[in-house]
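Please walk me through this structure in the viewer, stop by stop. Tell me what to select next and what is there.

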There are 2 protein chains.
Amino acid sequence: MINWENTTELDAFNKLLASVSVNLQEVMAGAEGARRVAECSVPMAAGLVYNYAAKAVDGDILNILAELADEAQLIQKYRELYNGAIINTGENRLVLHHLTRGQLGNAVIADGVDKREFYLSIEKEIAEFADKVHSGEITNEAGERFTAVVQIGVGGSDLGPRAVYMALENWCRAKDRLLMKAGFISNVDPDDALNVIGTTDLEHTLFILVSKSGTTLETLTNESFVREKLAEAGLKPSRHMIAVTSRTSPIATSDEYMKAFFMDDYIGGRYSVTSAVGGVILSLAFGPDIFHRFISGAAEADKMADNPQILENAALLDALIGVYERNVLGYKAMAMLPYSQALSRFPAHLQQLEMESNGKSVNRFGEPIDYDTGYIIFGEPGTNGQHSFYQLLHQGTDVIPLQFIGFRKSQTGSDLEIQGSTSQQKLCANVAAQIMAFACGRDNEDTNKRFDGGRPCSLIVGEQLTPEATGALISHFENKIMFQGFIWNINSFDQEGVQLGKTLTRDVLSHKTDGALKGYSDLLGI
Amino acid sequence: MINWENTTELDAFNKLLASVSVNLQEVMAGAEGARRVAECSVPMAAGLVYNYAAKAVDGDILNILAELADEAQLIQKYRELYNGAIINTGENRLVLHHLTRGQLGNAVIADGVDKREFYLSIEKEIAEFADKVHSGEITNEAGERFTAVVQIGVGGSDLGPRAVYMALENWCRAKDRLLMKAGFISNVDPDDALNVIGTTDLEHTLFILVSKSGTTLETLTNESFVREKLAEAGLKPSRHMIAVTSRTSPIATSDEYMKAFFMDDYIGGRYSVTSAVGGVILSLAFGPDIFHRFISGAAEADKMADNPQILENAALLDALIGVYERNVLGYKAMAMLPYSQALSRFPAHLQQLEMESNGKSVNRFGEPIDYDTGYIIFGEPGTNGQHSFYQLLHQGTDVIPLQFIGFRKSQTGSDLEIQGSTSQQKLCANVAAQIMAFACGRDNEDTNKRFDGGRPCSLIVGEQLTPEATGALISHFENKIMFQGFIWNINSFDQEGVQLGKTLTRDVLSHKTDGALKGYSDLLGI
């Protein structure tokens with residue numbers, strides 16, 4: 001029997017509120033600090049490790065967090081989800097993105113089909129199509145091979161696929177596996193589309209229109225823009241355009257597209273990178289085998305998230321510590337700091353994942369809640385951020401928890417030793433140094449140079465940013481956010497907060513405005 | 001006589017704490033809302049306008065903010081600064097970035113020279129060099145023209161120049177004024193440098209090394225990387241490398257550089273985009289006249305920031321409202337939302353500007369303070385962000401003030417009408433709609449679809465994102481942050497918070513570690 005209770009109704013949460021906090025500076029010093037770093041590691045998928053030594057938790061707090069996980073039935077709720085319960089209550093929908101990666105529980109039948117088989121069949125269809133493009137069986141009108149692919153989509157159809165493409169572009173290039181160069185058009189700003197088109201060899205480019213409903217205004221506008229440019233260049237748009245959409249959208253049966261791949265309502269945009277939304281562009285860019293390796297990393301992480309032992313389940317532990325920091329320690333944000341330029345758009349993807357999923361003020365029954373939920377996620381790759389906003393992280397008046405990500409090896413293997421160390425060693429040395437500076441701080445007679453420390457950090461570390469590791473990272477944060485949504489008793493899978501803006505935009509464009517809205521429309525020259 | 005007092009010692013601040021707050025939903029409704037939008041505009045430089053209608057302030061609060069500006073002597077302190085007082089007390093330095101744009105007050109003599117004349121002479125030297133590169137007087141060893149330029153720098157040597165380059169790249173391209181394509185190498189991650197170099201035509205590329213001290217580890221590492229790649233390609237590195245540095249750095253006199261342009265200690269990295277740090281790359285990319293237009297926009301904004309009337313001084317008003325939101329209403333962050341893809345890296349620049357300048361916990365005399373200072377800045381261009389983190393902004397449990405930026409015209413002029421409106425009109429319609437949705441919200445029987453509103457927004461609006469407008473924006477935020485630093489009685493011009501990480505990184509690289517630092521070093525394979 002599943003109970004959906006508000007956070008503040010849980011005994012373990014109230015115990016947590018009364019718990020004694022940990023002095024991070026003290027426990028991270030000396031031998032105890034060394035012991036923590038050695039012991040506080042949880043294995044993740046694809047050989048990654050989640051280390052929480054520099055989080056302000058101890059045995060007592062971890063015990064209460066384990067009670068919280070049990071009392072809030074986090075693993076049972078996950079099992080409900082992947083076995084096909086209607087977890088997205090607001091929209092009365094199943095939540096099935098895990099099924100794009102593997103079968104975790106029972107067969108899930110919806111719309112009259114086995115959904116795992118459906119997603120597998122789509123992955124196969126994409127692989128066959130990609131192979132034909134790569135082999136030259138599918139070509140442009142002149143019989144020439146396509147060499148580039150551009151995705152037209154916004155939100156989840158853009159951020160996840162773009163973050164993963166950038167994560168693996170150099171890795172593939174170094175292995176001669178960058179089969180097609182990828183681009184992305186997302187913003188309705190006409191300068192964005194023009195910029196991408198202006199630097200694209202239209203004749204040899206495939207465009208992927210991604211829209212579940214086939215009605216997203218930005219995306220359709222950009223599609224028309226692209227079609228016009230293709231026609232101007234004397235090309236037949238339908239020979240350059242494929243689609244990812246739902247079976248019921250007007251696009252599904254249109255002959256304006258060479259091919260349509262299907263998605264469904266059970267996968268939200270921000271959770272769709274392992275579905276056809278990411279699958280088509282990543283399979284075209286890198287080949288279906290690389291896409292499958294990416295998916296398999298996520299599948300392994302999904303399985304590991306099913307473990308009820310919090311010290312063996314990185315996603316669960318990360319979620320619980322995050323709730324402790326948010327609702328007990330009162331922190332308002334988290335900085336995502338990947339020490340890998342390839343992960344430069346990963347913070348933007350996680351920003352959507354977290355803030356769109358858990359930025360809610362009512363529980364899953366629509367009742368107002370009186371505790372904090374989703375927080376701000378922001379970040380830039382290290383070491384760049386160190387020369388920018390880290391000043392505030394170190395010496396500002398607010399404490400902001402930090403998530404570091406680092407890899408022992410670079411993606412390309414090309415490196416140079418200067419002053420006795422390689423660039424990759426310097427990169428990693430900065431990760432170690434920053435975590436210690438944040439956790440322990442350092443006293444100084446000159447108060448201007450004093451570091452209080454006490455700023456909690458976690459570290460995800462791996463050998464190299466591979467396709468599997470990228471999939472494991474994506475899944476880790478998806479599942480973390482899911483568990484937090486369960487603890488907060490909210491629906492992490494709808495996004496009603498985007499609707500009012502859409503309604504008012506239509507009013508402005510049809511000139512049905514008065515009052516301040518008319519004032520702003522005038523000011524903006526509409 | 002200038003008094004440097006803590007915020008909480010100011011009578012006006014205590015009055016502000018006791019003031020009656022404004023119900024934004026109410027005042028933005030109906031005729032009063034229309035009146036606010038019409039009346040609450042402050043002219044900025046380059047034809048921009050700062051509109052604060054949707055900020056939770058009224059006549060009473062604005063009166064107290066005016067008192068606060070007077071009591072904290074904000075304009076007098078600005079005048080002290082540009083007249084050459086030692087405002088950067090921690091480092092015992094003048095703060096002279098305004099002088100790169102124009103002479104606001106008396107001549108400032110430092111290091112035995114008139115600093116305005118010094119900066120002008122550098123701008124002239126850069127212009128002459130850029131003209132020679134463009135005309136083909138300065139070429140590579142084969143006598144061929146340079147067609148690309150790559151900046152090697154980190155922090156302020158990267159973020160500001162990159163943000164401005166991206167802001168104007170399309171504008172220049174549309175006018176056939178993109179003279180050289182620019183790239184940037186910043187991260188010590190070796191994959192970053194390799195990626196830029198791999199997509200660069202080395203033979204025809206000029207590299208700019210930017211390092212004030214000539215000792216920044218990341219930058220020197222990347223420089224060596226580039227030199228090695230140039231040598232491997234059979235090119236003479238010194239014929240492809242110029243420098244921006246201080247007169248006293250080892251680089252200044254090295255013959256490993258074709259040319260060195262000087263900067264000095266009176267301009268912090270994050271304030272340096274109008275100095276040689278931005279000047280060389282922007283003059284090479286766009287031509288010295290475009291760089292000068294950019295500077296002139298900033299100069300005009302600097303002059304307007306000298307006005308003691310808060311309703312005529314956008315930077316001052318923006319600063320005061322920001323302090324009210326931070327220290328009275330208790331908000332912890334601000335989202336920067338430019339509706340222009342060209343401003344995609346502008347939030348990252350502002351993130352550094354704000355968080356590195358004002359993320360401090362001691363006042364300018366080194367005394368601990370007991371009130372909040374600098375806050376989190378994050379953001380992405382609209383409309384993209386709408387499909388991502390706006391959910392939390394609309395319906396999350398924290399209120400986050402929002403800074404919108406919009407332009408009536410696109411940069412390229414190329415556009416397409418779909419469903420009765422152009423893309424640019426759709427973009428602007430979204431700005432108007434979002435502000436109203438945030439400010440007023442909307443009730444709904446379904447609580448899941450309910451928007452509380454009451455989320456404060458300001459809007460900077462202009463005709464087009466031109467060089468002048470870009471300069472005006474840069475200066476606006478620099479001056480806003482300066483005024484906030486004055487109110488908080490902190491030193492906005494040092495960054496001691498970056499030092500401890502550097503020290504510990506050196507320890508790791510020289511294997512002088514024990515305890516947890518050694519543990520992390522092991523974990524990261526160093």
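With which side chain does the side chain of H204(B) make a polar contact at 2.8 Å? Select H204(B) and E144(B): the side chain of E144(B) is the partner. Keep in mind throughout that this is a predicted model.

**Stop 1: around H204(B)**

H204(B) lies in the loop between α8 (190–198) and β7 (205–210) of chain B. Then show N140(B), E144(B), R145(B), F146(B), T147(B) and A148(B), which are in contact with H204(B) when its neighbours within four places in sequence are left aside. H204(B) counts as buried because its relative accessible area is 17%, under the 20% limit.

**Stop 2: helix α8 of chain A**

Move to chain A and select residues 190–198, helix α8. Buried here are P190(A), D191(A), D192(A), A193(A), V196(A) and I197(A). To see what covers them, display elements including β5 (148–152), β6 (181–185) and α9 (217–232) of chain A, along with α7 (159–174) and α15 of chain B. At the start of the helix, pick D189(A): one of its side-chain oxygens comes to within 2.9 Å of the backbone nitrogen of D191(A).

**Stop 3: the interface as a whole**

Colour the two chains separately and select the residues in contact. There are 134 in chain B, and they meet 134 in chain A. The two chains bury about 11,300 Å² between them, with 61% of that on carbon and sulfur atoms. Highlight H387(B), Y520(B) and L524(B), which supply 7% of the area that chain B buries against chain A, more than any other three residues.

Polar contacts across this interface join 60 residue pairs. Now select helix α15 (residues 423–440) of chain B: with 15 residues, this helix gives the largest share of the side of chain B that touches chain A. Coloured by class, that side shows 51 nonpolar, 59 polar and 24 charged residues.

**Stop 4: the axis**

Superpose chain B on chain A. A turn of 180° with a shift of 0.0 Å along the axis brings them together at an RMSD of 0.0 Å. The two copies are therefore related as by a two-fold rotation axis. To find the axis, select F378(B), whose C-alpha, at 3.1 Å, comes closest to it among the residues of chain B. Both copies use the same surface, as 100% of the contact residues of chain B recur in chain A.

**Stop 5: salt bridges**

The count over all chains is 68 salt bridges, and between chain B and chain A it is eight. Start with R345(A) and E380(B), whose closest N and O atoms are 2.8 Å apart. This pair crosses between chains, from the loop between β10 (333–338) and α13 (346–358) of chain A to the loop between β11 (376–378) and α14 (390–395) of chain B. R345(A) is partly exposed at 22% relative accessibility, whereas E380(B) is buried at 13%.

Next, select K259(B) and E125(B), which form a salt bridge at 3.1 Å, N to O. K259(B) is in strand β9 and E125(B) in helix α6 of chain B, 134 residues apart. Finish with R326(A), K332(A), D372(A) and D398(B), which are joined into one network by salt bridges that share partners. Within that group, K332(A) pairs with D398(B) across a closest N and O distance of 3.4 Å.

Notes:
Residues are numbered from 1 along each chain as its sequence is written. Chains are lettered from A and ligands numbered from 1 in the order in which they are written. This is a predicted model: local features need pLDDT of at least 70, side-chain atom pairs count only at pLDDT 80 or more; totals for chains, interfaces and linings use all residues. Side-chain values use heavy atoms; hydrogens and water are left out. Contact means heavy atoms within 4.5 Å. Buried area is the accessible area (1.4 Å probe) that two parts lose on being put together, summed over both. A salt bridge is a side-chain nitrogen of Lys or Arg within 4 Å of a carboxyl oxygen of Asp or Glu. A polar contact is a pair of N or O atoms within 3.5 Å; within protein, one must be able to donate a hydrogen and the other to accept it, and residues adjacent in sequence count only if both atoms are side-chain atoms. Helices (H or I, at least four residues) and strands (E, at least two) are DSSP runs, numbered from the N terminus. Ala, Val, Leu, Ile, Met, Phe, Trp, Tyr, Cys and Pro count as nonpolar, Asp, Glu, Lys and Arg as charged, and the others, Gly among them, as polar. Copies are superposed by least squares on the C-alpha atoms of residues with pLDDT of at least 70 in both. Buried means under 20% relative accessible area, exposed over 50%, partly exposed in between (1.4 Å probe, protein chains only).
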